[in-house]
Amino acid sequence: DPESLVTHGLNLRPGQDGQSTLYVVGHGGREAIEVFGVDASGATPMLTWIGCVMTPGAMEANSVASFEDGSLVVTIPLERGKTVSDALAGDNTGAVYSWSPGDKAMRKVEGTELPYANGIEVSADGNEIYVVSSGLFTVGAYSNSNPARLLRSTGPLGFIPDNLHMDENGRLITAGLNVESDTCGTVIRTREFSLEEFAACPRPYTVWEIEPKSMQGRALATGPADKRFSNITMAVPMNGQVWIGTFAGDRVAYQDVN
C-alpha cells in the first residue's frame, strides 16, 4: 500500500538502456526490502514495484546494499529487546542479514554482530562488505562470507557515522554528528545515552571519505551546528558538492567539498 510506505535506506543498481533496480528499506505497512524497477529512458523516471523481501521477525532494517546477481545484504541495528543505549554501551545489538534469489528468508551473517549496525555497502567485485557501527563510531570491512571475517577497520571516528555510500571513484562516504560539541557536550559511550537528548541539541557535522583498501580517511566536508538542519546522517558527492540528508528534517542540503 503506497499510502502506508515509509522509506528509509536506498540502494540503486544501474542496468542498461536506462533500466535500473531500486532497493528500498520499507517501514509502515510491513518491514521489508521493497524492490522497484526504474525506467529512466524517458523524460520522467518511472518506478514499477517488483516484489519484496521480508525482514526476519518483522524487525526494522536500516540500510540495504545489492550485488550483481540480485543478492542483498541488510543491516538490522536493533534486534528484539535491544536498545540504542545498549549500543552506546558497547553491546552488540544488531548485525548484517543476507538474502539471495531463491532463499526463503533472510539469514543473519555470523561474525557481523555490532553495536548498532547501520550503513552498508559492498565492493565492486562483491568480495567485501563495508558496515558502519554507530555504537563503536567505526566503519569495518568484512569478507562476503558466512561466517564473515573482519578484515580491517577505521579507528573510532570523531563523529557518529551513520549511512554509507560508495562514490564513482570507489571511495566510501559516510557522515554524522560530531562527538565533541561546545554547546552539546561530548557523546559518551554509556548506557545512560539518550537518543532524544542527543537529537534535540544541534551539533556540528562531518562528511568523511574512506579509502576501502586501507580504511584511512579524510574530511570531505564539515559544517557548524544549524537549528534549521541538524541530525546529519548521510552525504552523496556529486559535481564538486556533497548533498546531505538528515533523519529529523523535511529537506536536503548541499555544500562545496573541502
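Q: Where in the chain does Gly 170 lie?
A: Gly 170 is in the loop between strand 13 (164-166) and strand 14. Helices (H or I, at least four residues) and strands (E, at least two) are DSSP runs, numbered from the N terminus. The model is predicted, so local features need pLDDT of at least 70 and side-chain atom pairs count only at pLDDT 80 or more, while totals for chains, interfaces and linings use all residues. Residues are numbered from 1 along each chain as its sequence is written, and side-chain values use heavy atoms, with hydrogens and water left out.

Q: Is Gly 170 buried, exposed or partly exposed?
A: Buried means under 20% relative accessible area, exposed means over 50%, and partly exposed is in between (1.4 Å probe, protein chains only). Gly 170 has 26% relative accessibility, so it counts as partly exposed.

Q: How many residues apart in sequence are Gly 170 and Ser 123, and how far apart in space?
A: Gly 170 and Ser 123 are separated by 47 residues in sequence and by 8.1 Å in space, C-alpha to C-alpha.

Q: How do strands pair in a sheet?
A: Strands of a sheet pair through backbone hydrogen bonds, either parallel or antiparallel. Here two strands pair if DSSP finds at least two bridges between them. Strand 5 (residues 63-66) and strand 6 pair in the antiparallel sense, over four bridges. In this pairing, Val 64 stands opposite Val 74 of strand 6. Five residues lie between the strands of this hairpin, and Gly 70 takes a positive phi near 90° there.

Q: Which residue in strand 7 is the bridge partner of Leu 72?
A: The partner of Leu 72 is Trp 99. Strand 6 and strand 7 (residues 95-99) run antiparallel, joined by five bridges.

Q: Which residues of strand 6 lie on each side?
A: In a regular strand the side chains alternate between the two faces of the sheet. On one side of strand 6 are Leu 72, Val 74 and Ile 76, and on the other are Val 73 and Thr 75; all are buried. Strand 6 (residues 72-76) is thus mostly covered, with five of its five residues buried.

Q: In what order do the three strands of the open sheet stand?
A: The order is 17-18-19, with antiparallel pairing. Strand 17 (232-238) and strand 19 (253-256) are the edge strands, each pairing on one side only. From one strand to the next the twist averages 25°; axes are lines fitted to C-alpha atoms, for helices over the stretch in contact, and angles run from 0 to 180 degrees between N-to-C directions. Strand 18 (residues 241-246) is joined to strand 19 by four bridges. One of the bridge pairs is Trp 243 with Tyr 254 in strand 19.

Q: How many disulfides does a search of the whole structure find?
A: A disulfide is a pair of cysteine sulfur atoms within 2.5 Å. The search finds one. Cys 184 is joined to Cys 201, S to S 1.9 Å. The angle about the S-S bond is -85°, and the link of Cys 184 and Cys 201 is left-handed. Cys 184 is in the loop between strand 14 (172-177) and helix 2 (195-200), and Cys 201 in the loop between helix 2 and strand 15 (205-211), so the pair ties together parts 17 residues apart in sequence. Cys 184 is partly exposed, at a relative accessible area of 22%.

Q: How is a pair of aromatic rings described?
A: A pair of aromatic rings is described by the distance of the centres and the angle of the planes. Rings of Phe, Tyr and Trp (its six-membered ring) pair if their centres lie within 6.5 Å; planes under 30 degrees apart count as stacked, over 60 as edge-to-face and the rest as tilted. The structure holds three such pairs. The ring centres of Phe 159 and Trp 208 are 6.1 Å apart and their planes are at 50°, so this pair is tilted. Phe 159 is in the loop between strand 12 (150-153) and strand 13, and Trp 208 is in strand 15, 49 residues apart. Phe 159 is buried, at 2% relative accessibility.

Q: With which side chain does the side chain of Asn 178 make a polar contact?
A: A polar contact is a pair of N or O atoms within 3.5 Å; within protein, one must be able to donate a hydrogen and the other to accept it, and residues adjacent in sequence count only if both atoms are side-chain atoms. The side chain of Asn 178 makes one with that of Thr 206 (2.8 Å). Asn 178 is located in the loop between strand 14 and helix 2, and counts as buried at 15% relative accessibility.
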